[in-house]
Amino acid sequence: MSIFERYLTVWIALAMIGGVLIGLAAPGFVQLVASAEVASVNLVVAVLIWAMVYPMMVGVDFGAVAGVARQPKGLIVTLVVNWLIKPFTMAFLAVVFFNYVFAPWVQPEDAAQYIAGLILLGAAPCTAMVFVWSQLTKGDATYTLVQVSVNDLIMVVAFAPIVAFLLGVTDIEVPWQTLVLATVLYVVLPLIAGLITRRKLGSQDAIDAFSSRVKPWSVMGLIVTVVILFGLQGQTILAKPLVIVLIAVPILIQSYGIFALAYGAAYALKVPHRIAAPCAMIGTSNFFELAVAVAISLFGLNSGAALATVVGVLVEVPVMLSLVAFANRTRSRFPEPERSGVTGTKTLRS
């Protein structure tokens with residue numbers, strides 16, 4: 001691991017602090033970055049996420065995607081957790097904490113906003129960041145790509161009905177253009193670039209050497225993205241520190257609970273670690289870009305719902321890093337059969 005990956009927790013913590021300070025010292029600059037949007041997708045953040053994903057896409061052997069059908073268990077775990085369990089448990093925890101446990105400290109109208117933001121987080125499984133977590137756990141890049149792609153397809157038809165049901169409304173405006181554009185920016189374009197790069201490099205040794213050179217840019221993209229997100233909400237975070245803690249509680253319980261469920265199911269089904277770790281990460285992590293965009297479009301930039309989605313980012317990064325460390329420590333407990341399923345006879349190197 002490079003120095004960036006080894007001390008990623010430190011860099012992320014500094015990025016959070018730096019983002020808040022920049023938001024306070026140069027609000028005009030932060031708003032300028034925030035204004036660079038198309039269909040509620042911030043183009044600056046999109047470029048940074050592209051930089052995160054591209055190094056992982058270079059390692060994808062697209063010709064082996066068909067082999068996923070021979071190892072369907074990991075994909076089944078991902079889909080069941082993401083669409084049949086996660087949105088509903090997140091809504092349940094949000095209602096329990098903000099309507100009952102935290103009722104003495106939160107106004108009812110604010111509680112409703114926070115619940116809405118948490119529901120949006122729970123209904124949006126990870127799309128881009130999971131490639132980072134997959135790489136850090138030495139996951140199968142091709143299988144991770146398929147899992148994310150299938151999730152994106154399901155998200156197009158399932159996100160709106162699930163959110164509408166859980167919010168208790170019958171008419172909800174879903175930013176379809178945002179969803180389609182985000183999928184193209186975060187998955188399709190980096191994938192095409194990765195395939196072109198692989199073809200031009202030719203040999204596996206050349207591909208590995210190139211991947212090592214561009215890998216630090218992936219971590220740098222993550223760090224700068226965190227700076228921007230926290231710059232946008234810096235004043236709100238400082239003004240309501242207790243609320244930040246309250247919102248974080250159900251997110252923490254949800255994150256560790258969903259990971260335990262998915263990781264445990266993968267272990268029980270004897271899924272190889274290179275597939276089990278990413279499939280658990282997808283369910284645990286969130287497509288926070290979509291959640292933030294929808295929260296802003298439905299409730300406003302300064303709403304409690306938008307704040308809750310940003311707190312999701314605050315909680316997600318350290319939580320995911322702790323789960324990456326746990327997954328790496330428990331790798332030896334998972335079966336590692338011959339790699340003749342998803343990746344053919346090749347060994348994907350990190």
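Is the crossing of α5 and α12 left-handed or right-handed? In this predicted model, the crossing of α5 and α12 is right-handed, the near helix being turned clockwise from the far one by less than a right angle. Residues are numbered from 1 along each chain as its sequence is written. Local features need pLDDT of at least 70, side-chain atom pairs count only at pLDDT 80 or more, totals for chains, interfaces and linings use all residues, and side-chain values use heavy atoms, without hydrogens or water.

The protein chain contains 15 helices and two strands, taken as DSSP runs (helices H or I, at least four residues; strands E, at least two) numbered from the N terminus. Of its 350 residues, 55% are buried (under 20% relative accessible area, 1.4 Å probe, protein chains only).

Helix α5 spans residues 73–101 and helix α12 residues 241–268. Their axes come within 10 Å and cross at roughly 155°. That makes α5 roughly antiparallel to α12 (angle over 145 degrees). Axes are lines fitted to C-alpha atoms over the stretch in contact, with angles from 0 to 180 degrees between N-to-C directions. The contact (heavy atoms within 4.5 Å) includes Val 77, Ile 85 and Phe 97 of α5 and Leu 246, Pro 250 and Ala 266 of α12.

Mean pLDDT, the predictor's confidence on a scale from 0 to 100, is 79 for the chain, and 82% of the residues score at least 70. Over residues 338–350, pLDDT stays under 50. Where pLDDT is low, the predicted coordinates should not be read in detail.

Key. Parallel < 35°, antiparallel > 145°, perpendicular 65-115°, else oblique. Buried < 20%, exposed > 50% of the residue type's maximum accessible area, 1.4 Å probe, protein only.
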